[in-house]
Amino acid sequence: MHEFDLDPEAVRRLGHRVADLVADHRAHLLERPVFGKVGEAARLFDEPLPQEGQPLEAVLDVNRRPLRVPHYLVQVVSHPPTRWSVVPRPERAGELPPEWGPHYAVCPSCRERAALRGRPRRLACSRCHGEFAVAWDEEYLIGV
Ligand SMILES: [Zn+2]
């Protein structure tokens, strides 16, 4: 027998102790909180709620640089878009041709940008050659 081996009686004793611990834990399971407080941020749950509103921000990775934007501008989706996204032209969009106007489109397949002439229902992408519907009915475009 190696010095780290346990004799059969010790294995039985430890096995019974583990079974007792599991049984005790399960017996009081419904009395425990739904989740434990783990990690540095856990203390935030014990702090009083703020009395005044605070801005909610999301941090986006834009070309490997953090960009803070208001939370209400961010929509988290579980699937990539299947239609052209209509994007309002940013104030400082020097790389976009001025003749593109107040909106442009982003291809759902390859992210190529394209001008929107009129209000097309479908567009073909000059880069990936896919043809997709244009998402004019997105909530953020209501009234456009
Ligand atoms: Zn494309």
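This is a predicted model: local features need pLDDT of at least 70, side-chain atom pairs count only at pLDDT 80 or more; totals for chains, interfaces and linings use all residues.
Helices (H or I, at least four residues) and strands (E, at least two) are taken as DSSP runs, numbered from the N terminus. The order from the N terminus is α-β-β-β-β-β-β-β.

Burial was examined next. The chain has 144 residues, and 3% of them are buried. Among contacts with a separation of 6 or more, 25% join residues 24 or more positions apart.

The largest nonpolar core has five residues. Its members are Trp84, Tyr104, Ala105, Cys107 and Cys125. In soluble globular proteins, nonpolar side chains tend to be buried together. Ala105 belongs to this core. Leaving aside residues up to four places away in sequence, Ala105 touches Trp84, Ser85, Val86, Ala114, Leu116, Leu123 and Val134.

Backbone angles were then considered. Most residues other than glycine have a negative phi. Arg64 has a positive phi, near 65°. Arg64 sits in the loop between strand 1 (57-62) and strand 2 (65-70). Arg64 counts as exposed because it has 5 C-beta neighbours inside 10 Å, and the cut-off for exposure is 12 or fewer.

His129 also shows a positive phi, near 65°. The loop that holds His129 runs between strand 6 (122-124) and strand 7 (131-133). His129 has 9 C-beta neighbours inside 10 Å, so this residue counts as exposed.

Definitions and conventions:
Residues are numbered from 1 along each chain as its sequence is written. A residue is buried if 20 or more other C-beta atoms lie within 10 Å of its own, exposed if 12 or fewer, and partly exposed in between; C-beta atoms are placed from the backbone. Two residues are in contact if their C-beta atoms, placed from the backbone, lie within 7 Å. A nonpolar core is a set of buried Ala, Val, Leu, Ile, Met, Phe, Trp, Tyr and Cys residues joined through C-beta atoms within 7 Å.
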